[in-house]
Amino acid sequence: MAGELAIQLQQLTKTYRTLRGPVEALRGLDLEVRAGEIFGYIGVNGAGKSTSIKILLGLSQATSGQAEVFGEPAGTLAARNKIGYLPEVATYHEFMSVEELLRIHARLAGVPSGKVEERCGVALESVKLEDRRRSRISELSKGLKQRFGVAQALVGDPPLLILDELTSGLDPFAQRDLRDILVGLRERKITVFFSSHYMTEVENVCDRAAIIHEGKLQVCGTIPELTQNREKVEVVLQVPPGVLDQLPGLEPISDEVGEFHRASLSRDEADGYIQKCLGLGCSVRRLSTVQHSLEDVFYQITRGPGATS
Ligand SMILES: Nc1ncnc2c1ncn2[C@@H]1O[C@H](COP(=O)(O)OP(=O)(O)OP(=O)(O)O)[C@@H](O)[C@H]1O
Ligand SMILES: [Mg+2]
């Protein structure tokens, strides 16, 4: 249904009690993932990604706040039935063959026995692992194991896949194979929510992405929304004597032509600032827009304590 939410988190908090005292992993996290989108979930180590994912799955209880999956409270059977999950660290029965283990996952996911073969076939085809169905899990490379991980998440035919660090530790080819697999899932209208530390991967495959930091949502949107809203306008000015103290934020620079001043401005403040400079008798030597990649945005947000608040 258009506009339907696959995931909704509202003011989610989670405090772990540890021997070293309480650890506030989530501090009022809000997040909305729409049905059918591929959504990238980004944050530094310890930002709270896996904690929120475990709450969505009912593997961990929130301290306060709401978490829903397609409108069902997280942790209920109705919510759990809608999710296929690949954990951050997945371990398998290594001695089993791909098809044996996938059949078990299909049964665990509630696939009726008459449908198990068909569903396993579709899942293996989706992750391009049909030709390895008789291989033991122990024979698979790390990249192929992750593909198996996606197959076991898909085999119950859930509308939502949650993949925690799908491509961590994989070589660029294996990463690209998995990216292509995700793009194939978009055509089947499956919602994919995946955490990642690879910005180019998120830029390349996601419809929208969110950056969380210290247990809170910092930004959420399409990649152009996330990057263009943070574009900077850089202006280089010739400043007449005596007006510098009326123009905060100017940095002196020099080139072969002479001494100038440079200001780095947000798009919102640029027009007003430049008008003020012209009014004070400055002349503009150069005006440029500095494009930001998702990686730049990520660094700006997560650079240090308090950088985002
Ligand atoms: N079971 C636990 N007991 C105590 N503290 C925990 C537990 N699980 C996570 N934490 C703490 O909660 C915070 C968030 O951790 P979480 O694993 O959710 O982060 P993450 O974003 O998934 O990080 P990573 O990118 O390293 O996987 C961290 O400070 C972590 O040490
Ligand atoms: Mg994690």
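In which strand is the place of Q11? Q11 has its place in strand β1, and the views below begin with the sheet to which β1 belongs.

The model shown is predicted, so that local features require a pLDDT of at least 70 and side-chain atom pairs count only at pLDDT 80 or more, while totals for chains, interfaces and linings use all residues. Residues are numbered from 1 along each chain as its sequence is written, and chains are lettered from A and ligands numbered from 1 in the order in which they are written.

**View 1. The open sheet that contains β1.** Four-stranded and open, this sheet has the order β2-β1-β4-β5 with antiparallel pairing. Helices (H or I, at least four residues) and strands (E, at least two) are DSSP runs, numbered from the N terminus, and two strands pair if DSSP finds at least two bridges between them. At the edges stand β2 and β5, each of which pairs on one side only. β1 is joined to β2 by 11 antiparallel bridges, and T18 has G21 in β2 as its bridge partner. With β4 (residues 64-69), β1 pairs in the antiparallel sense over 5 bridges; here I7 stands opposite V69.

**View 2. The hairpin of β4 and β5.** β4 and β5 (residues 72-73) run antiparallel and are joined by 2 bridges. The bridge partner of V69 in β5 is E72. Between the two strands of this hairpin lie 2 residues, and F70 in the turn has a positive phi of about 45 degrees.

View 3. Q11 is not a glycine, yet its phi is positive, at about 45 degrees. Q11 counts as partly exposed because 13 C-beta neighbours lie inside 10 Å; by definition a residue is buried if 20 or more other C-beta atoms lie within 10 Å of its own, exposed if 12 or fewer, and partly exposed in between, with C-beta atoms placed from the backbone. D157, also a residue other than glycine, has a positive phi near 60 degrees. D157 lies in the loop between α5 (142-154) and β7 (160-164) and is partly exposed, with 16 other C-beta atoms within 10 Å.

View 4. Axes are lines fitted to C-alpha atoms, for helices over the stretch in contact, and angles run from 0 to 180 degrees between N-to-C directions.

**View 5. The open sheet of β11 to β14.** The 4 strands are arranged in the order β12-β13-β11-β14, and their pairing is antiparallel. β12 (251-254) and β14 (283-290) each have a single partner strand, so one side of each is left without a neighbour in the sheet. On average, neighbouring strands are turned by 30 degrees against each other, direction ignored. β11 (residues 232-238) and β13 (residues 259-266) run antiparallel and share 6 bridges, and L237 stands opposite H261 in β13. Helix α9 (residues 267-279) packs on this sheet, touching β11, β13 and β14, and its direction makes about 145 degrees with that of β13. Contact between two residues requires their C-beta atoms, placed from the backbone, to lie within 7 Å.

View 6. P240 is found in the loop between β11 and β12 and counts as exposed, with 11 C-beta neighbours inside 10 Å. Leaving aside residues up to four places away in sequence, P240 touches G281 and C282. P240 and G36 are 204 residues apart along the chain, and their C-alpha atoms are separated by 56 Å. The domain assignment, automatic or from a database, gives domain 1 (5-227) and domain 2 (232-290). The C-alpha centres of domain 1 and domain 2 are 47 Å apart.
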